[in-house]
Amino acid sequence: MKKMKFFSILMVFALSLFIFTGCSGSSSSDDSDDATVYSQDFTIVNDTGIEIYAIYVSPTGEASWGDDLLTTDTLPSGSSTDIVFDTEVEEQYWDLMVTDSAGTTVEWSNIDLFSVSEITLKIENGNPTATFK
């Protein structure tokens, strides 16, 4: 009789442990399913007519531009380059600034990087414009 009682308690313990382990494993996978990940990476196409010497991006409304993201020495007009973010900032709207060889800057504002994968930069009649894909 003692063996049967011990066996019953052991089975309840094992079943409880199995249920507890199964529940904790499923909740961690549910957490990862709820998280939405947005990519802010994009391609810049330089159609400005000027050679770009530096590219900066900053969340809209931020005062600081941060580091130059251009991975080549320059970006001649007619060329393109990929901008890959390595940031913990998950902002949706960003400003973009480029500089030329003289240090002159041109800015584009309020770009939705959650929905844009390619930005073609232009300067038309002295005004910066862009098209988005």
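In what order do the three strands of the open sheet stand? The order is β2-β4-β5, and the pairing is antiparallel. The views below come from a predicted model.

**View 1. An open sheet is built from three strands.** Its strands follow the order β2-β4-β5. β2 covers residues 54-59, and β5 covers residues 105-112. These two strands stand at the edges. Each has a single partner strand, so one side of each is left without a neighbour in the sheet. From one strand to the next, the twist averages 20 degrees. Strands of a sheet pair through backbone hydrogen bonds, either parallel or antiparallel. Here the pairing is antiparallel.

**View 2. Strands β4 and β5 pair over six bridges.** β4 runs through residues 93-99. Its pairing with β5 is in the antiparallel sense. Thr-99 stands opposite Thr-105 in β5. Leu-96 stands opposite Trp-108, also in β5. In a regular strand the side chains alternate between the two faces of the sheet.

**View 3. A hairpin joins β4 and β5.** Five residues lie between the strands. Look for Gly-103 in this hairpin. Gly-103 takes a positive phi near 90 degrees.

**View 4. Lys-133 and Glu-118 form a salt bridge.** The structure holds one salt bridge. The closest N and O atoms of Lys-133 and Glu-118 are 3.6 Å apart. The pair links distant parts of the chain, 15 residues apart. Lys-133 sits in the segment after β7 (127-132). Glu-118 belongs to strand β6, residues 118-124. How exposed are the two partners? Lys-133 has 63% relative accessibility, so Lys-133 counts as exposed. Glu-118 has 22% relative accessibility, so Glu-118 counts as partly exposed.

**View 5. The largest pocket has a volume of about 280 Å³.** Rolling a probe the size of a water molecule over the atoms shows where empty space is left. The largest pocket is lined by 15 residues. Which of them lie nearest its centre? They are Val-57, Trp-65, Gly-66, Asp-67 and Leu-69. Strand β2 gives the most to the lining, with three residues.

Technical notes: Residues are numbered from 1 along each chain as its sequence is written. This is a predicted model: local features need pLDDT of at least 70, side-chain atom pairs count only at pLDDT 80 or more; totals for chains, interfaces and linings use all residues. Side-chain values use heavy atoms; hydrogens and water are left out. Two strands pair if DSSP finds at least two bridges between them. Helices (H or I, at least four residues) and strands (E, at least two) are DSSP runs, numbered from the N terminus. Axes are lines fitted to C-alpha atoms, for helices over the stretch in contact, and angles run from 0 to 180 degrees between N-to-C directions. A salt bridge is a side-chain nitrogen of Lys or Arg within 4 Å of a carboxyl oxygen of Asp or Glu. Buried means under 20% relative accessible area, exposed over 50%, partly exposed in between (1.4 Å probe, protein chains only). On a 1 Å grid over the protein atoms alone, a cavity is a set of points where a 1.4 Å probe fits but cannot get out, and a pocket is an open set with protein on both sides within 12 Å along at least five of seven lines; lining residues have an atom within 4 Å of a point. Grid points are joined across faces, edges and corners, and a volume is the space filled by probe spheres set on the points.
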